[in-house]
Amino acid sequence: MPGPGAYLIGDEEKKALMEVIETGYLFRYGDKSDPKFLAKVWRLEQEVSKYLGIPYTVAVNSGTMALWIALGAIGIGPGDEVIVPGYTFIASITSIIYARAVPVLTEIDRSLTLDPEDVKKKITPRTKAIMLVHMLGNPGRVDEIKEIARSNGISLIEDCAQAFGVKYKGKYVGHFGDFGTYSFNVFKTITAGDGGMVATNSRKLYERAFAIHDQGHLPLRQGVERGSRTVIGLDCRMTELSAAVLLAQLKKADMMKKLLKEKKKRFKEGIKDIKGLSFRDLPDPEGEIGTLLTVFLPDEKTARKVGDALGCGVVADSGWHVYNNMEHVLGQMVVDSTGCPFTCPYYREKGGSMEYSRGMLPRTDALISRAINISIGVFDAGLGSGFGINITSDDKEIDEKIARFRKAVDKYL
Ligand SMILES: Cc1ncc(COP(=O)(O)O)c(C=O)c1O
C-alpha cells in the first residue's frame, strides 16, 4: 500500500461514500432545495480552505490538472518560461508543456527543493513564473524563492502535491504563492484514489481557476449567463464520491502528521550516529509532515551498494521524478531551427532558445545519485522509497528496519 491516507481508510470513509450513493447525487451540482443533496465537493472546498487558512479553493480531479489550471489562470502560455526543479514528479514539468510554455529546468540543493542561487541565474525577460515544489513532505526555501519572485515581478506557484499538511514558519504551504496546488492520489497524505485541489488568496484568480475547471463558469455556475463568459474552460471537476472520501480523510490529517513525525524521529535517532551518513536539509523541521527520511551517503558507489542491498536503489533512479529519466520530455522539448511541437514560434521571436539533455543539472545529479529515500509513510518504488516503514508500523518493526539499514550501511561504508 502506498501513502498514509490509503492505510487509514476505514468505516468513516465507507459511511460517507454510502451516504452519497444513497442520495443519488453524484455530480457536484444538485438541487439545493433537496435536503438529500449533500454538496460534498463544495463542503470539501470550505473545509480545506479552513484547514489551510487559504480563502479560495477549487476541488479538481488530479494534482496534474490543478497545476495546469493554476498556470492557465495566471495567464501563462506560448513564449513564457517557467522555472521548475529537475527533481520533481513529471507532472510539474508536463503541466508547463501543456500550457504551451517552456519549462526551465533548475538545480536543487541539499533540501531537495529549488536552489535559490540557480533560480536567480535562470531568470530571463521571458520568465513568467517559478514553480516551487515542496518535495517529499517538506517545505522548500519559501522565503528566498518568494523574494526572488517578488523582486522580479513574476508569479509563484507552489506544487504541494507531496506536502498536504506541511507548514513553513507556522503557515501551511500553498499560502505563499499565487496558487498552491495539491494531489489526493493514492500516494499522498489524504486520498480518494485520485483528486486534486487549487488554492489561492486571490478572488480574481479563484474565479479564473474555477472557470477553467468547469467550462468557463463562475463559482457554482452562478452569475455567468450565456453570452458573457470570458474564459474558455474544460471539465476537471471532482465527483461527490471523491469529496465524501476526502472529507473523511481530512479529519485524520493531523493525526497522520503526528504519527508520521513520531515514527520518523525514532528512525532518525536510530541511524544518526552512523559515520559518513548525513541528512537532507530541512528549511523548517517543525513544519514537515514526516512522510520520508532522505539520507546522503558519501559517494555514489557506496550509495548504490546500500540502495541495492535495501532493494530501493538511489534517488537518481526514481524514474518519473528525475529529469534525466524523462526521455520523451528531453527529446521532444529541444527547441531548434526545425521548431518543436510543444512550443511555438513566439518563443524564438522573443529571443528564447532552450535545449534539454541528460546531465544538464550536474549539482542535482551529484546529490540524488548518493541519496536514498527511506519510507516513513509513502511506500513507492517510483519515488525510490521501496524500503522503510509505514504509518501503521509499530516500534518493533521500526527497530527491525533500522537494524536492516545499519547492516547494509556497515557492509559498504
Ligand atoms: C510533486 C508532484 N506534483 C504533481 C503531481 C501530480 O498529481 P496527480 O498524480 O494527482 O496528478 C504529483 C503526483 O505524484 C507530485 O508528486
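A crossing of two helices is called left-handed if the near helix is turned anticlockwise from the far one by less than a right angle, and right-handed if clockwise. Helices (H or I, at least four residues) and strands (E, at least two) are DSSP runs, numbered from the N terminus. The structure is a predicted model, in which local features need pLDDT of at least 70 and side-chain atom pairs count only at pLDDT 80 or more, while totals for chains, interfaces and linings use all residues. Residues are numbered from 1 along each chain as its sequence is written.

The secondary structure of the protein consists of 15 helices and twelve strands. Its radius of gyration (taken over C-alpha atoms) is 22 Å, close to the 22 Å given for 413 residues by the globule rule (2.2 Å times the number of residues to the power 0.38), so the protein is as compact as a globular protein of that length. Along the principal axes, the C-alpha atoms fill a box of roughly 70 × 60 × 35 Å.

Helix H9 (residues 240-250) packs against helix H2 (residues 11-23), with axes that come within 8 Å and cross at roughly 150°. Axes are lines fitted to C-alpha atoms, for helices over the stretch in contact, and angles run from 0 to 180 degrees between N-to-C directions. H2 and H9 are therefore roughly antiparallel (angles over 145 degrees), and their crossing is right-handed. The contact (C-beta atoms, placed from the backbone, within 7 Å) joins residues of H2, including Glu-12, Ala-16 and Val-20, to residues of H9, including Leu-241, Ala-244 and Ala-248. By class, the contact of H2 with H9 has eight nonpolar, one polar and four charged residues; Ala, Val, Leu, Ile, Met, Phe, Trp, Tyr, Cys and Pro count as nonpolar, Asp, Glu, Lys and Arg as charged, and the others, Gly among them, as polar.

H9 also packs against helix H3 (residues 40-52), at an angle of about 30° and with the axes 8 Å apart. The crossing of H3 and H9 is left-handed. Among the residues in contact are Leu-44, Val-48 and Tyr-51 in H3 and Ala-243, Leu-247 and Leu-250 in H9. The contact of H3 with H9 comprises nine nonpolar, no polar and four charged residues.

The axes of H4 and H5 are 9 Å apart, at an angle of about 45°. The crossing is right-handed.

Technical notes. Angles under 35 degrees count as roughly parallel, over 145 as roughly antiparallel, 65 to 115 as roughly perpendicular and the rest as oblique. Two residues are in contact if their C-beta atoms, placed from the backbone, lie within 7 Å.
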